[in-house]
Amino acid sequence: MATTAQPTAPSTPKMVTLTIEGRQVTVPEGTSILEAGKRAGILIPHYCYHPGLPVAGVCRMCLVEVEKAPKLAPSCATAAADGQVVHVHSEKARAAREGVLEMLLINHPLDCPICDQAGECELQDYTYQEGPKELHLKDPKRFHPAEDFGGDILYVTNRCILCTRCVRFMDDVAHDTVLNVEERGDRAVIGVFEGKEVTNPWAGNIVDLCPVGALLSKDFLNKARAWEIDRAPSICPGCSQGCNIMLETRDNAVVRLQPRPNDEVNKYFMCDHGRLDYRWIDRTDRVQFPLVRDGQSLVATDWDPAIAAASKAIAGKRIFVAASPNLSNESLFLLSELMRAGNGTGAFTVPTGPEAPLPGVEDLSLRADRAANGRGAETLGFRRSANPLDGMNDGDALIIADCELDGIAPEQLARTGSVVVIGTTFPQIARMASAVLPTANFAEDEGTFTNLRGRVQRFTQARPAPGVARPMWWVLSDLLTATGRTDATFFLASDVFAALGKSHPAFAGMTYDSLGLRGAIMAGAEGAR
Amino acid sequence: MGYPNPVSPQETPVLSQYFGNQETISLDGWRKVGGYAALQKALGMTPAEIVDVVKASGLRGRGGAGFPTGVKWSFMKPGDGRPHYLCCNADESEPGTFKDREIMRWTPHALVEGCAIGSYAIGAETCYIYIRGEFTEPLLRVRQAIKEAYDAGILGANAMGTGKRIDIIVHKGAGAYICGEETALMNSIEGRRGNPRIKPPFPAVSGLFAQPTTINNVETLAAVPHIINRGADWYKSMCLSNPKSTGSKLFSVCGNIARPGNYEVVLGFSFKEFLYDLCGGPPKGRSFKAVIPGGISVPIQTMEEAEATKMDYEGFIEQGSMLGSGGVIVFDDQQSMVKQIARAARFFAHESCAQCTQCREGTAWTTRILERIRDGEGTAEDLDTLLLIADNMTGKTICVLSDSCATPVVSGIKKFRSEFEALIKKTTFHPVTAAVA
């Protein structure tokens, strides 16, 4: 007879207290000294260790002196124990790490001036911090040519320090055995198994994991130096997973997306689909100025007349909103307020593609839903449909909210009462609009997305919007005010979010401060994972 | 016996008794000289009784580390519900060592019997014999012996009719020195790259296939049937010096010596007598210069040290070296120690598994410098650099291959510094001070 397994209450782990560099720290039993050091605010230098990978203990960089232990201990592979006294910067430990650094440097080409990793290279960092003042090497360095690993990956063999993070990621996280360590001794290099290529949908992570400039992204190659880059915490809009990312720009052009750690969503990783699909952010055919109808043509104007024209176009009509599932909760909320006032409805269409899970991490996948905020749109009362005009009635005022409406001919819209376009681009259909209101895209705005598990997460602004384009929530705030609402004047995205929290139970109690950069689960969606 | 030389009366042939004997290779021949009586006896004892006998005999690991075998076996807890494994380390790759090869060539059933007793004593589900990839003849002999033993019902589901199950599987290595390191050996058996694992966990807790595992050397296991047959006291009585070193031990002798070969003596034997009497001293017209007594990983001894040595675990340490695997490499006065040490370093640089930074880079760097000195291109700082590298390579890595490479370098520079300096001085560059206008 089958019995129902009772979930056992998580037992409190035994805690141990140790001293690292004179600081006491208490950690759960089984924590490594290296991780305990992080909690105490002490970064023990390391290369092969990565919290998202199995421990290898091979670089020997994290050697520390543990009192009463006969030998220096690799802190990544040594468990913290009660009463341990650990010295990270004792003469003995420093000498050992200096030795490791010298060994790593003897065959390293030291070509930092032409290396993509320079400025964000752990070999540089630790060498500056505690490396040898001079190298004793008098012999020529060994040479290996660079290799194309396939996909987006380039392997600059000479820079490799054989930490094996890439091999362990492919084996133990991506479960795709394509990389290996070839040969032995100092002839050893990272190799690709015969007949294979590093084209796994998650392979790009090995570039991030590489602590030096050995594994490079062909896409990012020579695009920017690390110190030229501005970084904004953001959320990947590529699918409904909501991977936390760092959106990186150089002179306001997007040059790279990198994963930003979030234990609850994406650990340390992001997929190549999300990573490499960023060029649209910089598209140059953006609407930069508000346009209003003047007879047969649309003419550029200022914001006030444009808002007035839009308000006039929707006045007295039932409203239908064709929304993009990539709009922020803030924008969708104000759209829903417009909709509600006119007794209207709204719909959105989510583009889809094949799923690609990352097997080594629970509930992390490139989702079939290729949009960031379908869950948010649903929560705020929009209908998910294959037809973006699903539910539109004859005579409705149609608000097109950053939708291209691909496949819908202008004639099909003959039955609308009026058309207002609010968005970043100028779709075909905008030709028949009463007003076109230009908005910022997600890189130029701040706001929140709700991922497929109901986690509400913030993204921040990376750069200014083009022309006089404004965040959509601002445009909608003005439009609502123009229609006579007195409680819809917002000056900050956070104010819109606070209003959303007040009016919608799923967001109750949430503020930007409470979300932080990790996000929080909507009320009612807990336990979804 | 000092196989292939005739046995000397000073030797104590126990394991080497049948070296060169074509009869004892087969099961019938082995049975005629009393083979498998020990296994029969052991299967009538409890595992704990066997462990106690081995403990009492004082038998220590013959692979190099010298850990007491009975104690190692007692770490295994038969009946803990997990499968146990015994691994026989027959990956004899230590340069200068060739004793296990002879055991497997002439008395493969001695090894099979030892493995069977060991398996039973530790409650092992399966015993793996990991044979060095380059050993073709020993591989064939051991495979044949295991086949004979299975056919005769000695191994299998009903071992010797006792209803107990003993299985032995031969695993052929692919030719990596590092696979003789116990955790690399386990990785190799599992089909992984032969890289040593971080300890802890130790093999007795999580070894082969993450289950409790014991690893013993061929010579260690081959000695077990003799101990079961003749008792712990007999074995313990074979001791000429320190009571912690008991029994007979095979020494493989090679290099510049009159009679190279395998010699079996009781531990504590005089190394001077061993070199000059048993092995016949240096080749005619030459004299000994140095000895590496336990395989190339141990420190080099000067002849003064060697001649004062009692051949046991403690005796070699007292005289600046280690017993190691018992691979005695002898150098005469015609040899350049720089060349020999450079050759040793090249071996380690070739065999480093490339995991740990200090070993991967250090072994190769050491080799480059030593070969440069050997070729007369050394510089005055080179010796200091070598010692610095050696210091960085000692006690800081997962396994001891790195330390093993540093050992002959440090002991070589310490004991034969003048040879290094002579080569370096030859090319010392004397800069002429430029006249200042």
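I looked up the pair B:Glu305 and B:Lys415 and found their side chains joined in a salt bridge, 3.0 Å from N to O. The rule asks for a side-chain nitrogen of Lys or Arg within 4 Å of a carboxyl oxygen of Asp or Glu.

The model is predicted, and I note that local features need pLDDT of at least 70, side-chain atom pairs count only at pLDDT 80 or more, and totals for chains, interfaces and linings use all residues. Residues are numbered from 1 along each chain as its sequence is written, chains are lettered from A, and side-chain values use heavy atoms, without hydrogens or water.

**Domains.** I read chain B as domain 1 (34–237), domain 2 (248–332) and domain 3 (337–436); the bounds come from an automatic or database domain assignment.

**Domain 2 against domain 3, chain B.** I counted 12 residues of domain 2 in contact with 13 of domain 3 (heavy atoms within 4.5 Å). The two domains bury about 1000 Å² between them, 71% of it on carbon and sulfur atoms. Buried area here is the accessible area (1.4 Å probe) lost on putting two parts together, summed over both. B:Lys289, B:Ile296 and B:Ile300 supply 51% of the area that domain 2 buries against domain 3, more than any other three residues.

**Polar side.** I found two salt bridges across this interface. By class, the side of domain 2 that touches domain 3 has six nonpolar, four polar and two charged residues. In this scheme Ala, Val, Leu, Ile, Met, Phe, Trp, Tyr, Cys and Pro are nonpolar, Asp, Glu, Lys and Arg are charged, and the others, Gly among them, are polar.
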